[in-house]
Amino acid sequence: MRRPAAAAGSVLFFAAAPGTVAGLIPWWLTGWRARGALTDWAPVRLAGLVVLGQPVLLGYAVLVWAVTAAFARWYEEPVLARQFGASYQAYRRNVRAWWPRARPWRPG
């Protein structure tokens, strides 16, 4: 594949995929209408209100999280372990998946 075609495909994918997962599918699941405090401009608060107010969106959010976590656990982690070996294992021991740290980890 030529470089311009690959770049165009990547741009298209990174525009379409998040828009579909975070926008189109939830809109479709709610029957093509939005409910909630749409005048609230705080995006995180608005998203929380809309998701909690509609059980189908809460279920969809859980499904998206589960698929993402499964991909990271059963595909991404083994690939990184093979690629980086002992340094990745040290990183995994010090940085737990999905759990924030109070201070950044510094190797050594």
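Contact means heavy atoms within 4.5 Å, and helices (H or I, at least four residues) are DSSP runs numbered from the N terminus. This is a predicted model, in which local features need pLDDT of at least 70, side-chain atom pairs count only at pLDDT 80 or more, and totals for chains, interfaces and linings use all residues. Residues are numbered from 1 along each chain as its sequence is written, and side-chain values use heavy atoms, with hydrogens and water left out.

**Exercise 1.** Determine which residues of helix 1 meet which residues of helix 3.

*Solution.* On the side of helix 1, take Thr-20, Val-21, Ile-25, Pro-26 and Leu-29, which meet Val-56, Leu-57, Tyr-60 and Val-64 in helix 3. Sorting the residues of this contact gives eight nonpolar, one polar and no charged, where Ala, Val, Leu, Ile, Met, Phe, Trp, Tyr, Cys and Pro count as nonpolar, Asp, Glu, Lys and Arg as charged, and the others, Gly among them, as polar.

**Exercise 2.** Classify the pair formed by the rings of Phe-13 and Phe-14, and decide whether Phe-13 is buried or exposed.

*Solution.* Rings of Phe, Tyr and Trp (its six-membered ring) pair if their centres lie within 6.5 Å, and planes under 30 degrees apart count as stacked, over 60 as edge-to-face and the rest as tilted. The ring centres of Phe-13 and Phe-14 are 5.2 Å apart and their planes stand at 80°, so the pair is edge-to-face. Next, Phe-13 has a relative accessible area of 51% and is therefore exposed (buried means under 20%, exposed over 50%, partly exposed in between, with a 1.4 Å probe and protein chains only).

Notes: Helix = DSSP H or I, 4+ residues; strand = E, 2+ residues; numbered from the N terminus.
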